[in-house]
Amino acid sequence: MGKQSSSLVYQIFQHRFPATFKGFFYFLPISLALTTLLLIFIYISTTANVTKTHSQTTLYLQTLPSLINNIDQTSNLPIVPFEDNEDDNDNLFADPSRTARLSRASQWLLGNIFGLIDGNDTNNKEAYHDGDIFLQDYKQMNKSLKIYVYPHSKDDPFANVLLPPDTDCKGNYASELMFKKALMESHFVTKDPNEAHLFYMPFSISSMRSDPRIDVHGIPDFVQNYISNITLKYPYWNRTGGADHFYVACHSIGKIAFKKAFVARLNVIQLVCSSTYFPSSYLPHKDASLPQVWPRGGDPPNLLTSQRKRLAFFAGAVNSPVRIALLKVWENDTEIFAHFGRLNTPYYEQFLGSKFCIHVKGFEVNTARVADALFYGCVPIILANHYDLPFTDILNWKSFSVVVHHIDIPVLKKILQGISNEEFAMLQSNALRVRKHFQWHTPPIDFDAFHMSMYELWKRRGVVRVRLTPSMEFM
């Protein structure tokens, strides 16, 4: 039977197909083999830069420990003691956005050769993920959101911690106090807890830190006692276990505030500047990132791209391995100005004279440099792994900043030089467009840092609560 079947196939092939068609079947395997070899050759030749880049980064990893140990012998600048617990080398080559940056700079992706990938991705041109939905929801928030603030008198022994400041807020951690001051003067506050969406615990972490009666080590005790007091005095916490309560902190010491109230920390909404994915104390779907802003007076300047002569700029203290690495690689470069310590020239001049301004992780992922860069019209470079960037669920950070992994410090210039003039113009235009969200005003104005933070809180409301009757409110 088998022989008959084979004979039948042979006869069909011999008599039913023309010679040209049979020739096609003969050359098909050869053609496929040659095409495969050609594609392999193109892949090897076009990915040569990847091997070189990986060699650079491997050498960088191997030498980084010695750089950290020996920098004090090669630099006159003092090193601030630091403690860095993050694993900066995890998933170093797995970040798609980082790979995209390198591919655009190196021109090694196969798709670029065949014109299959357009570097000007439409999705990355828009400053907002969905501007229409945001505006519609923002209007509803501005109209409806109500916050109940736990009341405290001026005679309270810790009025300096619990009440808004009477003076102007200044300095690195001003956002924490600016929020409290703006909220207390806003239409969002209600005295009726039954109409409140959220409850604000108005203690200030930065004020506690500077109060000698509390100090850094006493913050967890203060917070624990505060929660105990409001739990005994009011019924609101017990309805949800604190899930509709929030507090605000801009100093990194705030991460220990709930050290002695662990269960409460799992429920409470944290609006914090030190918003990093790395520690378990911060949960992005529950908590929110507050922009760290050093208040600047006057209107933000606008300086044309043509007047920005320097490629990139950074100035700051030596207080993390990432900053040490940046110093060792770029301290003598003529296009990337990496300066550690105080500048001899005004700070703002460097921002106005640079195309890109580098935000580098210090003690924590956050600094005020992102807001500073936006204020002065400089495109931010984010060198802070695991940073949950402010308003990231609203703003498309790829449209106005360059996010770079720590391990890419040796190829930072190559990444930036790979950004075309058209792409930079788009980045800067969007940076100018979104910078209003990173400014505080007294009184606050629409779409500023205060209103954007309130919008983040609005998105985290929605806990089902038991409505209280007047007789239950003071049980």
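Predicted model: local features only at pLDDT ≥ 70, side-chain atom pairs only at ≥ 80, totals over all residues.
# Helix packing and aromatic contacts

Helix α6 (residues 131-144) packs against helix α18 (residues 449-459) at an angle of about 90°, and their axes lie 10 Å apart. A search of the whole structure turns up 34 aromatic pairs.

**Where α6 meets α18**

- With an angle of about 90° between them, α6 and α18 are roughly perpendicular to each other, because angles of 65 to 115 degrees fall in that class.
- On the α6 side, the contact is made by F134, D137, Y138, Q140, M141, N142 and S144.
- Facing them from α18 are H451, M452, M454, Y455 and W458.
- By type, the residues of this contact divide into seven nonpolar, four polar and one charged.

**A stacked pair: Y348 and Y376**

- The ring centres of Y348 and Y376 are 6.5 Å apart and their planes meet at 25°, so the pair counts as stacked, the limit being under 30 degrees.
- Y348 belongs to helix α14 (residues 347-352), while Y376 sits in the loop between α15 (369-375) and β9 (379-383).
- The pair thus links distant parts of the chain, 28 residues apart.
- Y348 has a relative accessible area of 40%, so this residue is partly exposed, between the 20% and 50% limits.
- Y376 has a relative accessible area of 9%, so this residue is buried, a class that takes values under 20%.
- Both tyrosines belong to a cluster linked by ring pairs, made up of F313, F337, Y347, Y348, F351, F375 and Y376.

**An edge-to-face pair: W397 and F438**

- W397 and F438 form an edge-to-face aromatic pair, with 5.8 Å from centre to centre and 85° between the planes.
- W397 lies in the loop between β9 and β10 (402-403), and F438 lies in the loop between α17 (421-434) and α18, so the pair ties together parts that are 41 residues apart in sequence.
- W397 counts as buried because its relative accessibility is 5%.
- F438 also counts as buried, because its relative accessibility is 4%.

**Charges over rings**

- R461 lies over the face of W458, at 3.4 Å from the ring centre; W458 is also one of the α18 residues that meet α6.
- The charged end of K436 sits over the ring of F447, 5.3 Å from the centre of that ring.

Definitions and conventions: Residues numbered from 1 in each chain as written. Heavy atoms only, no water. Axes fitted to C-alpha atoms, helices over the stretch in contact; angles between N-to-C directions. Helix = DSSP H or I, 4+ residues; strand = E, 2+ residues; numbered from the N terminus. Parallel < 35°, antiparallel > 145°, perpendicular 65-115°, else oblique. Contact = heavy atoms within 4.5 Å. Nonpolar A, V, L, I, M, F, W, Y, C, P; charged D, E, K, R; others polar. Phe/Tyr/Trp six-rings, centres within 6.5 Å; stacked < 30°, edge-to-face > 60°. Buried < 20%, exposed > 50% of the residue type's maximum accessible area, 1.4 Å probe, protein only. Lys NZ or Arg CZ within 6 Å of the ring centre and 35° of its normal.
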